[in-house]
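Please work through the following exercises with the sequence and the model side by side. Each task is followed by a solution in steps.

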Amino acid sequence: MAITAGMVKDLRERTGAGMMDCKKALTEADGDMDRAIDVLREKGLSKAAKKAGRIAAEGIVAVYNDSDAVAAIVEVNSETDFVAKNEKFQAYVSAVAEQACKSSATDLDAFLAEPSIGDASKTVADELNAQIAVIGENLKIRRFQKMEAANGVITSYIHMGGKIGVLVELATDVVNENIKECGRNIAMQIAAISPLHVDQSEISEEYKESERQILKQQAMNENPDKPENIIEKMIIGRLNKQMKEICLLDQAYVKDSDMSVKQYVASVGKAEGANLSVVRFVRFETGEGIEKKEENFAEEVAKQMGN
């Protein structure tokens, strides 16, 4: 497969590796981007922790809490950061979050087709088109998620004016301000550290084995003279460290690094006399995985002047 300059650029942006290293990795992987990332990781050349694409699109994330036990989170994209900071756009996104919280839709198509809570004569899609006409930019409701707690509380956190949003469900038989504060602190942790799982029980054995093989090749490349039994011990240590980094409860608590998040939750539960645990979370980051069209500002201004 022919390796293009665009593919090399994309891989370099995703991993931080050098251009020639990216080209070699893509050639070895026959153009498979995910495999090329693994090749770079095996060689210790990738500076990226995940296979996520570059964060580029504009817009904001918003949350809406209908009650302690029901909340929703949405991401709405715009073309420019100017619109994302516009009060009219922000008010619209807040309304979309409220719609999502009161909706029974489970996918985006169904959500867009349902009547708008602001005007039942319009669908959510109609209202979106009306906002596009008023604001003058292409807007997109990209995703939403509604969360309901069967026995507990939902807490939320918005970071940097909507760049990141988090919902956390806590199972608890006691609901008070201290329990809610615990949930908000955990949501802040998730916004800052971006875990992938609540705990290691959510990680598949297939994923662990895949990571083990990558770490093994990496260790062998770094330590070609070490015997296999030493390599295996190195892999165990590295894999355990990696699993802890991506699991919320195993992470060091950001407000007190002497304890883990699991220990923090346990301490709050004990203090409040509650059976307290983290059930699930969702984290949206604006533009996550969307490649933004690059513009030459000077050329764009010249084009507009010419028109």
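The model is predicted: local features need pLDDT of at least 70, side-chain atom pairs count only at pLDDT 80 or more, and totals for chains, interfaces and linings use all residues. Residues are numbered from 1 along each chain as its sequence is written, and side-chain values use heavy atoms, with hydrogens and water left out.

**Exercise 1.** Determine the strand order of the sheet that contains β1, and state which strands stand at its edges.

Solution. Helices (H or I, at least four residues) and strands (E, at least two) are DSSP runs, numbered from the N terminus. Two strands pair if DSSP finds at least two bridges between them.

Step 1. The sheet is open, and its three strands follow the order β1-β2-β3 with antiparallel pairing.

Step 2. The edges are taken by β1 (58-67) and β3 (140-148); each has a single partner strand, so one side of each is left without a neighbour in the sheet.

Step 3. On average, neighbouring strands here are turned by 15° against each other, direction ignored. Axes are lines fitted to C-alpha atoms, for helices over the stretch in contact, and angles run from 0 to 180 degrees between N-to-C directions.

Step 4. β1 is joined to β2 (residues 70-78) by nine bridges; E58 has S78 in β2 as its bridge partner. Two residues lie between β1 and β2, which form a hairpin.

Step 5. Helix α5 (residues 87-102) lies across β1, β2 and β3 and runs at about 140° to β2.

**Exercise 2.** Carry out the analysis for the sheet that contains β4.

Solution. Step 1. This open sheet has three strands in the order β4-β5-β8, paired antiparallel.

Step 1. β4 (152-159) and β8 (277-285) are the edge strands; with a single partner strand each, one side of each is therefore left without a neighbour in the sheet. From one strand to the next, the twist averages 15°.

Step 2. Eight bridges connect β4 with β5 (residues 164-171), and V168 in β5 stands opposite T155.

Step 3. Helix α8 (residues 177-193) lies across β4, β5 and β8, at about 135° to β5.

**Exercise 3.** Which residues of helix α1 are buried, and against which helices do they pack?

Solution. Step 1. Buried means under 20% relative accessible area (exposed is over 50%, partly exposed in between; 1.4 Å probe, protein chains only). In α1 (residues 5-15), the buried residues are M7, V8, L11 and T15.

Step 1. These residues cover an arc of only 100° around the axis, which puts them on the same side of α1. The arc is that of the directions from the helix axis to the C-beta atoms.

Step 2. The buried residues of α1 pack against α2 (19-28) and α3 (33-42), where contact means heavy atoms within 4.5 Å.
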